[in-house]
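Look at the chain below and follow its helices one at a time.

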Amino acid sequence: METIIKEIQRTNIDEDVIGMAGVILKEGGLVAFPTETVYGLGAHALKEEAAKKTYAAKGRPSDNPLIVHIAEYRALEEIAVNIPDKTALLANHFWPGPLTMIFEKSALVPYGTTGGLDTVAVRMPADEVARAIILAGGGYVSAPSANTSGRPSPTTAMHVKEDLDGKIDMIIDGGSVEIGVESTILDMTVTPPMILRPGAITKEMLEEVIGEVTEDQAIVSDKSKEAPKAPGMKYRHYAPKAKLMIIEGDTKEAVKAIRQVAFEQERLGYKVGIIATDETAEKYKRGIVKNIGTRENEYTIAQNLYRVLREFDEEDVDYIYSEAFAMDGIGSAVMNRLKKAAGHHMLRAEEITRLQKYR
Ligand code: TXA
Ligand code: MG
């Protein structure tokens with residue numbers, strides 16, 4: 001299949017391009033498009049066949065449910081039932097935006113879209129291009145991240161092309177995304193509501209609006225043996241090809257430890273990548289050093305995370321060592337993705353520097 005790629009200007013959205021995407025979606029085809037979080041792979045959410053195509057293109061297990069994207073609040077009432085009272089408050093504050101909420105599904109939503117579940121995940125994205133495409137496509141667009149299953153999520157149209165060229169009908173290129181990590185997922189079918197995936201909308205932000213919110217323990221604790229409640233969170237996704245290890249601890253100590261391991265691995269002939277920040281990048285003398293953003297503003301780190309992981313793939317590094325980041329604000333979403341990419345391989349900086357002394 002030939003994939004049509006169209007650039008779109010945010011300041012002057014080309015209605016013809018949007019119309020074309022809408023026709024493809026209504027006919028059951030696949031269109032990748034930008035959202036404020038990551039690029040999504042859109043399909044008609046109320047058509048079983050379209051969901052099947054989505055799973056095939058991504059190489060994604062079909063028990064992993066899709067998020068239905070809407071552009072108007074009343075669309076929610078068509079696809080969800082028993083919508084709790086707090087929903088309207090949350091929607092008022094955070095929709096359109098990077099919040100996905102889970103409800104009991106209505107009969108309109110096929111099990112193909114929900115991975116066989118009786119619940120449906122719903123999000124109203126803020127991105128203007130995304131909203132135009134959803135409306136043109138009929139109002140209900142399922143959209144997982146537009147990457148091959150197992151690869152880092154795409155934050156540019158080029159990333160989508162790398163993974164899905166020839167496998168989908170169309171890619172809408174709207175430039176780089178704003179946030180860079182996927183939406184917060186909040187399960188509204190339990191009381192109090194529970195966060196299944198951290199994102200730009202934090203626990204504190206949600207609690208300010210509706211009071212108590214809990215977090216799925218499987219995503220909070222590194223030691224939890226329980227499977228995460230969002231089926232997709234159990235897969236080792238966002239994974240780069242190289243072995244990634246997070247070095248925890250005070251930044252100065254972490255830099256020292258990473259310098260040591262990089263030196264040793266290079267001496268053994270391995271290609272080493274280092275994930276550094278504005279504050280530390282020039283302290284590394286070896287390895288391929290990538291500056292992921294500034295510790296002063298963790299949003300910059302979220303924006304660059306997946307791009308940096310993809311770049312290391314292209315450069316065929318064997319090992320990647322990353323500094324750890326603060327867990328507040330969007331930092332908890334960043335660390336959640338980084339830990340998953342690392343398959344939870346983490347070491348404390350002092351353990352490395354201490355070992356070194358006894359050589
Ligand atoms: O920011 C985002 O949410 C992006 C953009 C494109 O909107 N989409 C996204 O979709 O991240 P995806 O498919 O890559 O991740 C969806 C996650 C998966 O972990 C899936 O298991 C979970 O949402 N999910 C979907 N429906 C669910 C449900 N009914 N119950 C529990 N988890 C659900
Ligand atoms: Mg994904």
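This is a predicted model: local features need pLDDT of at least 70, side-chain atom pairs count only at pLDDT 80 or more; totals for chains, interfaces and linings use all residues.

Residues are numbered from 1 along each chain as its sequence is written, chains are lettered from A and ligands numbered from 1 in the order in which they are written, and side-chain values use heavy atoms, with hydrogens and water left out.

An unreviewed UniProt entry places the feature "domain: YrdC-like" at residues 15-201; such positions are given in the numbering used here, feature names are shortened, and annotations may be inferred rather than shown by experiment. Over residues 15-201 the chain is 32% helix and 21% strand, with the end C-alpha atoms 31 Å apart. Helices (H or I, at least four residues) and strands (E, at least two) are DSSP runs, numbered from the N terminus.

Two packed helices are described by the angle between their axes and the distance between the axes. Axes are lines fitted to C-alpha atoms, for helices over the stretch in contact, and angles run from 0 to 180 degrees between N-to-C directions. Helix H1 (residues 15-26) and helix H6 (residues 128-136) have axes that come within 8 Å and cross at roughly 50 degrees. H1 and H6 are therefore oblique to each other; angles under 35 degrees count as roughly parallel, over 145 as roughly antiparallel, 65 to 115 as roughly perpendicular and the rest as oblique. In contact, meaning heavy atoms within 4.5 Å, Ile-18, Ala-21, Gly-22, Leu-25 and Lys-26 of H1 meet Val-129, Ala-132, Ile-133 and Ala-136 of H6. These residues divide into 7 nonpolar, 1 polar and 1 charged, where Ala, Val, Leu, Ile, Met, Phe, Trp, Tyr, Cys and Pro count as nonpolar, Asp, Glu, Lys and Arg as charged, and the others, Gly among them, as polar.

Helix H7 (residues 157-164) packs against H11 at an angle of about 45 degrees, with the axes 12 Å apart. H7 and H11 are therefore oblique to each other. Here His-159, Glu-162 and Asp-163 of H7 meet Arg-307, Arg-310 and Glu-314 of H11. By class, this contact has no nonpolar, 1 polar and 5 charged residues.

How many residues of helix H12 (residues 331-341) are buried? The number is 10 of its 11, where buried means under 20% relative accessible area, exposed over 50%, and partly exposed in between (1.4 Å probe, protein chains only). The cover over these buried residues includes helix H11 (298-314), helix H9 (217-220) and strand E13 (243-248).

After H12 comes Gly-343, with a positive phi near 55 degrees. His-344 lies in the loop between H12 and E17, and its phi is near 65 degrees, a positive value in a residue other than glycine. At 41% relative accessibility, His-344 counts as partly exposed.

Asn-82, in the loop between strand E5 (80-81) and H4, also has a positive phi, near 50 degrees. At 60% relative accessibility, Asn-82 counts as exposed.

Two peptide bonds remain. The bond from Trp-95 to Pro-96 is cis, with omega near -10 degrees, and Pro-96 sits in the loop between helix H4 (86-94) and strand E6 (99-105). Thr-191 and Pro-192 are also joined by a cis peptide bond, with omega about -10 degrees; Pro-192 is in the loop between strand E10 (184-187) and E11.
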